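User: I have a structure to go through. Can you take some questions on it?

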Protein chains: 2
Amino acid sequence: MIEIALLGFGTVGRGTYEIIEKRAEEIKRVLNDELKVSKVLVRNKGKYKGQGDIFTDRYDDILNDDNISLVCEMTGDLENSYRYINEALKAKKHVVTSNKAVVSENLSYFTALADENEVNFLYEASVGGSIPIITPLTAQSVINRIYRIRGILNGTSNFILSKMYNENLSYDEVLREAQALGYAEADPYADVEGIDALRKLKILSSIAFSKDIENSEILSEGISSILPVDIEVFKEKGFKIKLVAESFLNEDKYALLVEPVLVKSEDPLYFIEGSNNIVEIFGDNYSSLSFIGEGAGKLPTGNAVVIDIIDALLSNNLKLKFDNLKIKCASKFQGSYYVRTKEKIDESLLAESFERDGFVISRTKMVDRGELKKELRKFRDEDCFIARFEGEDLV
Amino acid sequence: MIEIALLGFGTVGRGTYEIIEKRAEEIKRVLNDELKVSKVLVRNKGKYKGQGDIFTDRYDDILNDDNISLVCEMTGDLENSYRYINEALKAKKHVVTSNKAVVSENLSYFTALADENEVNFLYEASVGGSIPIITPLTAQSVINRIYRIRGILNGTSNFILSKMYNENLSYDEVLREAQALGYAEADPYADVEGIDALRKLKILSSIAFSKDIENSEILSEGISSILPVDIEVFKEKGFKIKLVAESFLNEDKYALLVEPVLVKSEDPLYFIEGSNNIVEIFGDNYSSLSFIGEGAGKLPTGNAVVIDIIDALLSNNLKLKFDNLKIKCASKFQGSYYVRTKEKIDESLLAESFERDGFVISRTKMVDRGELKKELRKFRDEDCFIARFEGEDLV
């Protein structure tokens, strides 16, 4: 029997447990052994009284249990997850995690630590929910020069933008509904301001570019200041608005950014609706590969976790190696932007502008993104909304 | 040093060789050893004079070379490939192949033979060109009940249909152009009559349903009788036409079919143009996962082969297990069809019909596909074209 522990029994933890139970036979056949969840770490053990004696609130019970060969971290807990993973790897237990925050901050450290302790560290569920992307990207980046990644990586913001667009609702109305449905958290900051997408982009780009990327190297912009007037203009011009995470590698320079982007119907991103995610990777052996699926949820994310559990136990994975190539972050990024402000922006940036409902709607020339952001400091954040026109970017 | 042999040095063989050469450093790092192509089997050795002494026309040179631990079969040769793979596995060499014909006929046999000889048998490049689909599907099918697969699996026919649609050309004109460009073979039969897609669907469905599927269980229909008048009607009604490979599992019955299908712009298949492929899988842990990429070509297919080579050498793969579940092929399949004939079809099948350019264009009610095919025996094959309306199917 193979014993494992789950850390956390929220949405993802329950989904993981459920899949392990319902597919016990099939899992046993590939592992050649029975898989058993023998401990589950929870905050409040009392809540699970009468549901078996697998629940514990002491991590040491798991860490010191030599029968447990794998720890599956799904706490969403930013403070403790680092310690949990760090200690499990040092105790020579495999680690699987769905926690993008802790992975994005510690990917190269955990990878090296797992190597050192001859165990596996897998994190498929940290990006794209149900979508198998980490495993294929890791393989693709060995035999390809991946020079671009683009995706919709945050389901909450995509749900909000889709619903505003399709039902002519305001940001606040949709956010409240998303919160009521459990699609958005009580504090939506990380989702709507691009922080969650930034973390995922950082993970993907670190793998693809074989390089430890710093948070400070990623430009980002959220969607919380969007107004119905913006959506109205986008519709008239045939655009949809998406929060896009994108990275480029051009010769020896890379650029990473998360920001609202305007796409037309020729673009595959145009059709990614609701809480779905897409990841596109561009390599020198093909034009692109695209992966589409549900970006979150109990069973979709649990599905990714359980595949990692199997792959970790069978050592069925390519070890990620960081080259730390001599590439560096581009200091400038150019684009053509939609800008909605209270007053006109500087003439030197403008391609065209018009008034609508008391706002000034502008389309900029191809401008340096830093210059544009500097110009916008004139206005209050909540009075501006910017979105890049896709297909006109240049690093 | 790890020595491998390539069988065949056509498009895929050259692509594979090129990628192994250009990514030698990166491959060495994941294998912890140098990868060397030490022999290449070709029909005419003389053609490669002066290009090194790795070329041979005797398979025994490879089979009897104990230093060669992996054989990569890319001959496209239907007669000999079975023997090559069979003998290599028995000689305890790993086998990687891009040959869908031989895989589709022998998947369970080769899988069992590889197991018996404790080597790996991988065939990612046999379906979907560059798209990583066999590896994720194998994993997904362990922890999901996959109940539907749908895809555009043949790039040649998709290229022809896209070009007829976009440029108002006839089937023959486009076929000749595709042949001149190397997108279609001199004998296009397998591509345009759905045979190639059928083979690929058989491979995917065998994995997903954990079942040896027979060719006779797959209904199929090609595109060669399509006329510009059909495309004209599809355009007017907002449809695009795609050669779709699809399988369903419903309770204990499955159905597999390859046929022209009419899709609207809400459908992701609508946007798969030219020689691109898409595969969608539907499982009980998520609604669907979609994979899109180039379906053929030197580097795209070579890319899939090289990943298999790495995964085979590292034993980095889940062993496929055939449950041979107690499921059986549905004897009937229902759908609503577009039918273009010279004369009216039987009234009992009709929902509506009209005349155009001397043809009768009909839309059938939801009918039994077998009944419809029986009715069409009245006409010459080249005078009929049928296409299913997507979204109205029922097993």
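User: Which strands does helix α1 of chain B lie across?
Analyst: This is a predicted model. In it, α1 (residues 11-22) of chain B lies across β1 and β2 of chain B. The helix runs at about 160 degrees to β1(B).

User: How many bridges are there between β1 and β2 of chain B, and in which sense do they pair?
Analyst: Six bridges, in the parallel sense. β1(B) covers residues 2-7 and β2(B) covers residues 35-41. B:I4 stands opposite B:V37 in β2(B).

User: What is the strand order in the sheet?
Analyst: β3-β2-β1-β4-β5-β6 in chain B, an open sheet of six strands with parallel pairing. β3 (55-56) and β6 (121-122) of chain B are the edge strands, each pairing on one side only.

User: Switching to chain A. Which residues of α8 are buried?
Analyst: A:Y171, A:V174, A:L175 and A:A178 are buried in α8(A), which spans residues 171-181. Their arc around the axis is only 100 degrees, so they sit on the same side of α8(A).

User: And what is on the other side of α8(A)?
Analyst: A:R176 and A:A180, which are exposed.

User: What covers the buried ones?
Analyst: The cover includes α7 (155-167) and α9 (189-192) of chain A.

User: What follows α8(A)?
Analyst: A:G182, with a positive phi near 85 degrees.

User: Last topic: what rotation superposes chain A on chain B?
Analyst: One of 180 degrees, with 0.0 Å of shift along its axis and an RMSD of 0.0 Å. The two copies are therefore related as by a two-fold rotation axis.

User: Why do the copies meet through the same surface?
Analyst: Because 100% of the interface residues of chain A are also interface residues in chain B.

Terms used. Residues are numbered from 1 along each chain as its sequence is written. Chains are lettered from A and ligands numbered from 1 in the order in which they are written. This is a predicted model: local features need pLDDT of at least 70, side-chain atom pairs count only at pLDDT 80 or more; totals for chains, interfaces and linings use all residues. Side-chain values use heavy atoms; hydrogens and water are left out. Copies are superposed by least squares on the C-alpha atoms of residues with pLDDT of at least 70 in both. Contact means heavy atoms within 4.5 Å. Buried means under 20% relative accessible area, exposed over 50%, partly exposed in between (1.4 Å probe, protein chains only). Helices (H or I, at least four residues) and strands (E, at least two) are DSSP runs, numbered from the N terminus. The arc is that of the directions from the helix axis to the C-beta atoms. Two strands pair if DSSP finds at least two bridges between them. Axes are lines fitted to C-alpha atoms, for helices over the stretch in contact, and angles run from 0 to 180 degrees between N-to-C directions.
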